[in-house]
Amino acid sequence: MNKNNNISENLIPHPYLTTTELDFIENNYFNLRRSDASRKNMFYLLSTFSNYTKKPLFDALPQDADSYINHLKKQLQNGTFKENYCCCVFLELRKFYEYAEDWECIDQNPFQAANPFQTNEKLLAADLPSLQDVDTLLSICAGEPMLYLSVLLAFRMALPISEIVSLKKEQVCSEHGSQDIYLRMERQAGKKEKTSFLLIPKDILLPLKQTILSTEESYPYILRNKHGRPYAKRSLQNLLATTLEGSGISIHFSALRSLCLFLMLIEKVPVGQIADYAGVEGRWLTLYDHIPEKLRLDASKYVHLRIV
């Protein structure tokens, strides 16, 4: 148990949360937050949802999420809640379940539907790692080629961990007559499949090529664990956490992806292009419009850093 584990003891009663869920929240999800106030707010929202459904968090179904969304809408209509608050609740719950899905604690995120609430407020980046932390991370994991490449794919190409672990060699392709190399991604766009070609930054090409050549030609995936099989999402998350033990920093793949999106916005890349590249809705990216001054200063020092 880490030093933040007493937070859950002094907050809203949480009779339906299991020991497994509390351990996951306090020893994994809390690490995404850099302040006790942020952790307490997050725990309050999770406990409130669990109490509403009268279920453990990991047992929640899409119909439970729909019911809670309708509950929030009613509170909005009668003036108990404001729309900004409802939006933040929805986004917090979706983010938690995305993270739980990455760690394979659940099979499906119950909050997969589009956000039904609007907000004029912007989400802050206070809980994102600094670019100095990422620079340190790249140095630490340089001795783990598979992990090093995974970090680059999240940080430089905004790939979620679910796509990173499932990448296949056949997805690496080039355009006839061009030296540019792309990743061909098959993504879901509503109810349709959409093919995207993501330009691979030149400084990722060498570690990508080395990783591919380190596996047998017949092995279809790009990444391979020490047992010669594809990584599970949880295994790759655990490898990152283990590698960072004792370093004084804690970074997760979801934070690396978010930081990549922030850097694209700082560089004035059009929102539509970022949305297409990252496979997200353009409306979702507007939540990142507020770029903290600290991150702007960091970016001025690191955004042009070449990975070697």
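What pLDDT does the protein chain average, and what share of the residues score at least 70? In this predicted model, the protein chain averages a pLDDT of 80, and 78% of the residues score at least 70. The chain holds 13 helices and three strands. Of its 308 residues, 48% are buried.

**Confidence along the chain**

- Helix H3, residues 62-77, has the highest mean pLDDT among the elements of the protein chain, at 94.
- Helix H13, residues 293-302, has the lowest mean pLDDT among these elements, at 41.
- Over residues 1-5 the pLDDT is below 50, and this stretch has eleven contacts in the model beyond near neighbours in sequence.
- Where pLDDT is low, the predicted coordinates should not be read in detail.

**Surface and contacts**

- The accessible surface of the protein chain is about 16,000 Å². Carbon and sulfur atoms account for 50% of that surface.
- Among contacts with a separation of 6 or more, 66% join residues 24 or more positions apart.

**Salt bridges**

- Side chains of opposite charge can pair when their charged atoms come close.
- The whole structure contains five salt bridges, and three of them are described below.
- Lysine 55 and aspartate 64 form a salt bridge through their side chains, with an N to O distance of 2.7 Å. Aspartate 64 counts as buried because its relative accessible area is 13%, under the 20% cut-off. Lysine 55, in contrast, is partly exposed, with a relative accessible area of 24%.
- Aspartate 180 and lysine 202 meet in another salt bridge, at 3.7 Å from N to O. This pair links distant parts of the chain, 22 residues apart. Lysine 202 belongs to helix H8 (residues 202-213), while aspartate 180 lies in the loop between strand E1 (172-174) and strand E2 (181-189). Lysine 202 is exposed because its relative accessible area, 61%, is over 50%. Aspartate 180 is partly exposed, at 25% relative accessible area.
- Glutamate 216 pairs with arginine 224 in a salt bridge whose closest N and O atoms are 2.9 Å apart. Glutamate 216 has a relative accessibility of 46%, so this residue counts as partly exposed.

How values were computed:
Residues numbered from 1 in each chain as written. Heavy atoms only, no water. Helix = DSSP H or I, 4+ residues; strand = E, 2+ residues; numbered from the N terminus. Buried < 20%, exposed > 50% of the residue type's maximum accessible area, 1.4 Å probe, protein only. Contact = heavy atoms within 4.5 Å. Areas by Shrake-Rupley, 256 points an atom, 1.4 Å probe, with all protein chains shown as cover. pLDDT = per-residue confidence, 0-100. Salt bridge = Lys/Arg side-chain N within 4 Å of Asp/Glu carboxyl O.
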